[in-house]
Structures are given as structure tokens and as C-alpha cells.
Amino acid sequence: YNLASYLQAADLALNQAFDRVSKGDQKFVVNLTPEQLSKHSGGNYRGPEARGNESISWPIRLQFYGRLPAARVKKDGWYRITLKQVHAINPKYPSTWGTLRSGTCNSSAPMLHPIASIEATAEKRDMTFEAWIRAGDMLELKPNDSGLKKAPSGAKGGNVSYQGRDMVKLGFQGIAISGIKIERIYPQSKRWEVRQHLFTGISKKELAKLDQNKGRELILKKTIGRFARRAFRRPLSDEQVKPYLDLALSYLEEPGHQGMEALRVAYRGILCSPRFLTLVENPGHLDDHALASRLSYALWVSMPDTTLRKLADAGKLHQPKVWHAQIDRMLDDFKAQRFINSFTDQWLNLKEIDFTSPDRRLYRTFDSVVQDSMLRETRAFFQELVLNNYPIKNLIQSDFVMLNERLARFYKVKEGLPLVAGGGLQKISLSNSVKGVRSGLVTQGAVLKVSANGTTTSPVIRGLWVGERILGLKVPPPPAGTPAIEPDIRGAVSIRDQLEKHRSNESCATCHRSIDPAGFALENFDPVGLWRKRYGKQKKAAKVDSSGVTPEGETFADINGWKNIYFKKEKLLTENFTRQFLTYSTGAPPRFSDRDELAKVVKQSADKSYRMREMIHALLASELFQNK
């Protein structure tokens, strides 16, 4: 099954590449007017209102409201979408937020694919986004801010109608645009680059000779060899290239088969080879080409670029000055965003942000824009720490946050913050009054959501998350037959009270003394990351008690007290981060025998004030990363 999937993926990539070289790039550009966007194309109408020279989407609570049949694409591909003159109608807040998604937009295929969160303000401006859209899918644009008053549909049977009512005078908030431009793009590479990758160093005259018996074996050998060297990320001998050359020659033995197709057959075999699909590394110190691959996949989640390959070919990559210069170059490149996203997905478990859907009746201010903003907040925060070399203690407490208008409003920390409406995610310096609660990584919404179940919180689950991901605790699994703690969803009984009985069992108490303190400290945050003082809204609801005692015996009264304790434990935080990063970058967790080398990295980090970028340099230069 896996081999069939690899073959299918290889065929898909090669077909597109060869088609682009032989036929050219497919052109698709369409400029849609408000009239076209609001045109009724049959079935239930759930589109925007055409009003003057604008198309306006209102906050109407209907599935697939805001769908735009005119904005449908015919072929799979990457598209650049420009929303023209976006602005808010009757803005209730400095920014009116919405979502742009793609999909079939009907009940037979209800899944929609997020493209972007839309921040509309009173000022008109164009917004441009890039997204992969499937053939036959259309766009859906609508306000998606839980703080807005919902408008009635104005019609029966799942339809929307604007006749007989003035939505502006009725005071509803909306998002207006003057049109949409959709353009087919190829963001990964230009057509000439694709040709260069497929036929490096081969002229058109030589390509034409592939259909002739004379001299074609030499041309095939040269072309296939260069393609294989790039795919396998290292120089190859003639013997290593021969199996793929034989594939092409065997194909040409059949009558009617052409030279270009023979190349495709050889390339298909290369792209399904373990040497392409995996990092083939010999035990011991890695050579320059293996180092180039490890470094590139660690920081760019992709194969080495030309610069890394040339340095590896010249045998210079292992030189310390060259190595550290390449680390800086790659971290400063926009492609390092792949590392930020991939690493935080695994280290902080952000890949499971969609695993739970909070009950909207309990958490009315939570919406998809808030969740998207939470993800961006955590990733931008970690990126700031790395790129600008902040000390690791900022994971616990910092003097800045990354916020946009919607997230600040959700957290209720907007007052006094110099947020610019329409500015997207911004780095905001914190005053002392809010620094303790919202600063650092452990109290960010994305972290608090992935460590809860969408309905209730558990000090055990959150404490285990903080212990394993941030503090580096190694907690064994619970004894067989240990019952789970089920929080009271009515909020009448404190989870602390339920845990006390559980902790009275000595076999459980040992682990819980390590796990629970961080979980108790975070109990003032509900499953979506909002601050609370009680477990429910009723007066009889149990009060939150976020006090505790650390495993080392230090007491704290609340989350601020807990942060003040662990803010000073930079060595502990560094020891954990080194393990997390090395597991990510090498694909294997450090072993007991690696403890001395890990201690060296921690010592080097201490000499550099435990700064994040310096720490990554030390990790990537260590024997742990550069050896197998």
C-alpha cells in the first residue's frame, strides 16, 4: 500500500512537471464584480448582498452562508486571491473579523478548507492570499466574529433574502468588498526552474536525440545521474546510477516508446527509492552531504538548496565558521517558518488544536478566528524568541505578547494596549499589571486548549503537559486499573477535592506530587484559555484554588507565583528544550549515554545566558546532532 502511494505521488509530481515544461503554465485570471458574486445560480441562495458597487456579507447563521459560486475554479492548483477594497460596515469593534474558505459548499461535501482570517476595518484596503484549491471548489466569505449580532436569513427554506429590509439601517455589522480577483499561480518554482531541475545541463538539441539510437545512452546517463544526485542529496557513482539508467533503456526497447517518457520512467524509480524517501546515514560522524540534509530538514523541512550542496561538495560544511553561518542564513530565511510550524506542532502538540470543539453554549466568545489567532500567537511568539535570541525563561514569563485585535478582545486584555486595528498580529509590550497572567508561552490560548478536552479542565492533564513539554519531567504511566478523574461539568465540586481522595493512595501520590502543581496553577484558565474564578457561572459553583507546592517544596498562591518560581529555573528549561529539539531534528530521543554531551550543550547555553538562538547553534554543532 505504501509503495503504491509513493508511486501515485511520484506520478502526480512528474506529470505536472513534464506538462509545465512541454505545454506551458495553465493560465487562469478572473475579476469578479459584486453583481457576479451575488448572482443566484440555482438552489438555495446563501450569497452576499449586492449593494451599490459593493458585495456585502452579513453575520447570518446558516451553513455555507457566504458561498460564491462565481468564484469557482476548474482545476486543482495554487491560486492568488485578492479581495478588493475590504472594509467593515457598521463596525461594532475596531476590527470586524471574518473567514475566507474554499470548498464544495453543499451538504454532500460539508468540509471547508480555511484560507485566511479577514480583518476588516473602517479603512478600505486590498487583501491578498495564496491557497491550494481543489477542482470544482468555490470560495466562501463571511463575518465570523462571535461578538456580532446575528441577522435573520430573511427567507424560508434555507434561503437568504435582503428584500424589504435595510441591513445597514438595522445596525448589523458586515464585511464589504468591491470585487475579487482569482489568479492561477505556481509559487514553488517558475517554468524555467522546472525545466532546469528535469533536464539540468541538457540542451534542446540533446533532448531531441533521445529518440535516436545513436548517442542517447550517454545523454540519458548524464541527465538521470544529475537528477538522481539532487534527489539523493549527494554525489553518486556510475554503479549507483545504473539501475535507473537500465529502467530507461529497457523502456526504450519497446516499439513506439519515446525518450522523454523513458526519462519519466527513470525519475519515477528515483522518487520511490529509499535514498530519496529517507535520510540514509552511516553510523559515526556524518559526512558533509548527510549534514547538509539533516540541517536542511531540521530548519527548512526540505532538501538542501544549491548553497548547501555546493558547500558539501567542496567539503567545507563541517568547518565551524561555515556551519554556523549557514545556520544563521537558514534561520533568517522565510523558509524557516516551516520549522517554526512543524516544531511547535510536535513539541507543543499544536497539531491537535482541532481535536476538540468547545461547546459554543458554554464558551460563546470562542470562534474559528480566535482559534486561528491562537495558533498564530504561539508560533509568532516562539519565532520571536528564536530569531531575536531571547532567553529561554521567556517561555514562562515575558515582557511582550503577540496579539491581534480579536485575540486581545477575547482575552479581555485590550485596555491600555497599543494595538493597531487592521495591523494583524503585533508584538505588544506588556505593563506590569497584565505581565504575570498573559505573558510567556504556558498561558497562551493554543497551549491551554490542546491541554483541555473542550468541556472541562484537569490539573492532571495540564500538569502532565507542562511537565513533559516544558519542564522535562519523566512521568511513568499510571498503575493498571487506576480509574480516571472525571471533573464535575456542573462546576459544583472542585477538581481539587476529587483529586485529594485519589492522591491519598500512596501508589498514586508519588507521581501526582510532580504532575499536579503546574496543573493547579493553570486552573484559573478554562478549556478555551479564558480567565475564571469559579468552575461554573452559578453562585454555588466551586471557587478555583490555584495554589500548590512544587515537587521541590516551594509554595505558590496562583499562576503568577508559579511563574516566579520557574522563571528562575533556566537550566531546567534548557535541559528539556535540548531533548525536545534533538528528538525533532534527529528523529530519535536522546539516550542515557548521551547525558554527558547534553550537559555540554546546557553549559554552552549557560555561557550565552540561555538564549534561544545560541542554544539552537549549540545543539546543531553538538556531537549529538552531527553523529549517528
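The structure is a predicted model. Glu-597 belongs to helix H22, which covers residues 595–607.

**Glu-597**
- The relative accessibility of Glu-597 is 18%; because buried means under 20%, Glu-597 counts as buried.

**H21 with H23**
- Helix H21 spans residues 570–586 and helix H23 spans residues 612–620.
- The axes of H21 and H23 come within 11 Å and cross at roughly 55°, so the two helices are oblique to each other.
- The crossing of H21 with H23 is right-handed.
- On the H21 side, the contact is formed by Thr-574, Phe-577, Thr-578, Phe-581 and Leu-582; on the H23 side, the partners are Met-612, Met-615, Ile-616, Leu-619 and Leu-620.
- Sorted by class, the residues of this contact between H21 and H23 are 8 nonpolar, 2 polar and no charged.

**H12 with H21**
- Helix H12 comprises residues 336–347, and its axis comes within 11 Å of that of H21, with a crossing angle of roughly 115°.
- H12 and H21 are therefore roughly perpendicular to each other.
- The crossing of H12 and H21 is right-handed.
- From H12, Phe-339, Ser-342, Phe-343, Gln-346 and Trp-347 take part in the contact; they meet Asn-576, Phe-577, Gln-580, Phe-581 and Tyr-584 of H21.
- The contact of H12 with H21 has 6 nonpolar residues, 4 polar residues and no charged residues.

**Nonpolar cores and Phe-577**
- The largest nonpolar core contains 87 residues, and Ile-470, Trp-562 and Phe-577 have the most contacts inside it.
- Helix H13, residues 368–387, gives the most to this core, contributing 8 residues.
- Phe-577 is listed in the contact of H21 with H23 and also in the contact of H12 with H21.
- With neighbours within four places in sequence left aside, Phe-577 is in contact with Phe-343, Trp-347, Phe-382, Ile-392, Met-612, Met-615, Ile-616 and Leu-619.
- Another core, of 31 residues, lies apart from the largest one and includes Leu-207, Ile-224, Ala-231 and Ala-266.

Terms used. Residues are numbered from 1 along each chain as its sequence is written. This is a predicted model: local features need pLDDT of at least 70, side-chain atom pairs count only at pLDDT 80 or more; totals for chains, interfaces and linings use all residues. Side-chain values use heavy atoms; hydrogens and water are left out. Axes are lines fitted to C-alpha atoms, for helices over the stretch in contact, and angles run from 0 to 180 degrees between N-to-C directions. Helices (H or I, at least four residues) and strands (E, at least two) are DSSP runs, numbered from the N terminus. Angles under 35 degrees count as roughly parallel, over 145 as roughly antiparallel, 65 to 115 as roughly perpendicular and the rest as oblique. A crossing is left-handed if the near helix is turned anticlockwise from the far one by less than a right angle, and right-handed if clockwise. Contact means heavy atoms within 4.5 Å. Ala, Val, Leu, Ile, Met, Phe, Trp, Tyr, Cys and Pro count as nonpolar, Asp, Glu, Lys and Arg as charged, and the others, Gly among them, as polar. A nonpolar core is a set of buried Ala, Val, Leu, Ile, Met, Phe, Trp, Tyr and Cys residues joined through side-chain atoms within 4.5 Å. Buried means under 20% relative accessible area, exposed over 50%, partly exposed in between (1.4 Å probe, protein chains only).
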